[in-house]
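Biologist: I'm new to this one, and I'd like to learn how to read it. Could you take me through it feature by feature?

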Amino acid sequence: MTMQLAGTDILARTRSVIDEHRALEGPLLPILHGIQEEFGHVPAETLPVIAEALNISRAEVYGVVTFYHDYRNHPAGRHVLKLCRAEACQSMGGDAIAAQVQQALGIGFHETAKDGSVTLEPIYCLGLCACAPSAMLDGEPIGRLDADKIDEIVQEVRS
């Protein structure tokens, strides 16, 4: 019974998000952003509801969700750390930074720590090329990453 209620709640909240955005021109992306903001990810059970509301196929909705890296199909950790993987950051030691972060957190890209503290994601350019290597923690940019800054970030997300 609880699962059914949870599913009913998800569908009701999904319909509410759809109603907020359906009048927009090209509403699919705003709806998906709204769904992810509401649930922390885009639950699979919302895809058919979105498709029906917009009169498009489920495959189209699924294709958009899987094409864009910002959409998640599972909840993120309490913190989201995005490491820049673009060329400028790579040339300034981005691979070593990525290896240090992955080692310190015990997770790889697109993974969430078992304790739910942090999700690690790659991002392809934050526009901080002059401050490479860079990252973004919970929407806040961080430039000139080094071993000390990585240690600070790890302490922050683990606390």
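Modeller: Let's begin with what sort of residues line the largest pocket. Keep in mind that this is a predicted model. By class, that lining holds 6 nonpolar, 6 polar and 4 charged residues.

Biologist: And what volume does the largest pocket have?

Modeller: The largest pocket comes out at about 330 Å³. There are 16 residues lining it, and the closest to its centre are Tyr-68, His-69, Tyr-71, Arg-72 and His-110. Helix 4 (58-67) and strand 3 (118-123) are the elements that give two or more residues to this lining. Strand 3 provides the largest share, with 4 residues.

Biologist: How many cavities of 30 Å³ or more are there?

Modeller: There is 1 cavity in that range, and the volume of the largest cavity is about 30 Å³. Its lining is made up of Leu-83, Cys-84, Arg-85, Gly-94, Ile-97, Ala-98, Pro-133, Ser-134 and Leu-145. Sorted by class, that's 6 nonpolar, 2 polar and 1 charged. Strand 1 (79-84) and helix 6 (94-105) each supply at least two of the lining residues, and the largest share, 3 residues, belongs to helix 6.

Biologist: Is Cys-89 buried or exposed?

Modeller: Cys-89 is buried, because its relative accessible area is 2% and the cut-off for buried is under 20%.

Biologist: Now helices. What's the general idea behind which residues point the same way?

Modeller: An α-helix has 3.6 residues a turn, so residues three or four places apart point the same way. For a case here, take helix 3 (residues 47-54), where the buried residues are Leu-47, Val-49, Ile-50, Ala-51 and Leu-54. Just after helix 3 comes Asn-55, which takes a positive phi of about 60°.

Biologist: Where is Gln-36 found, and what does it touch?

Modeller: Gln-36 is in helix 2 (residues 28-39). Its relative accessibility is 13%, so it counts as buried. Not counting residues up to four places away in sequence, Gln-36 touches His-41, Val-42, Asp-70, Tyr-71 and Arg-72.

Biologist: Which element holds His-79?

Modeller: His-79 has its place in strand 1, and it counts as buried because its relative accessibility is 17%. Leaving aside neighbours within four places in sequence, His-79 is in contact with Ser-117, Val-118, Thr-119, Leu-137, Asp-138, Glu-156 and Val-157.

Biologist: Last one: where does pLDDT stay under 50?

Modeller: That stretch is residues 1-5, and the model gives them 0 contacts beyond four places in sequence. Across the chain, pLDDT averages 93, and 96% of the residues score at least 70.

Definitions and conventions. Residues are numbered from 1 along each chain as its sequence is written. This is a predicted model: local features need pLDDT of at least 70, side-chain atom pairs count only at pLDDT 80 or more; totals for chains, interfaces and linings use all residues. Side-chain values use heavy atoms; hydrogens and water are left out. On a 1 Å grid over the protein atoms alone, a cavity is a set of points where a 1.4 Å probe fits but cannot get out, and a pocket is an open set with protein on both sides within 12 Å along at least five of seven lines; lining residues have an atom within 4 Å of a point. Grid points are joined across faces, edges and corners, and a volume is the space filled by probe spheres set on the points. Ala, Val, Leu, Ile, Met, Phe, Trp, Tyr, Cys and Pro count as nonpolar, Asp, Glu, Lys and Arg as charged, and the others, Gly among them, as polar. Buried means under 20% relative accessible area, exposed over 50%, partly exposed in between (1.4 Å probe, protein chains only). Contact means heavy atoms within 4.5 Å. pLDDT is the predictor's confidence in each residue, from 0 to 100.
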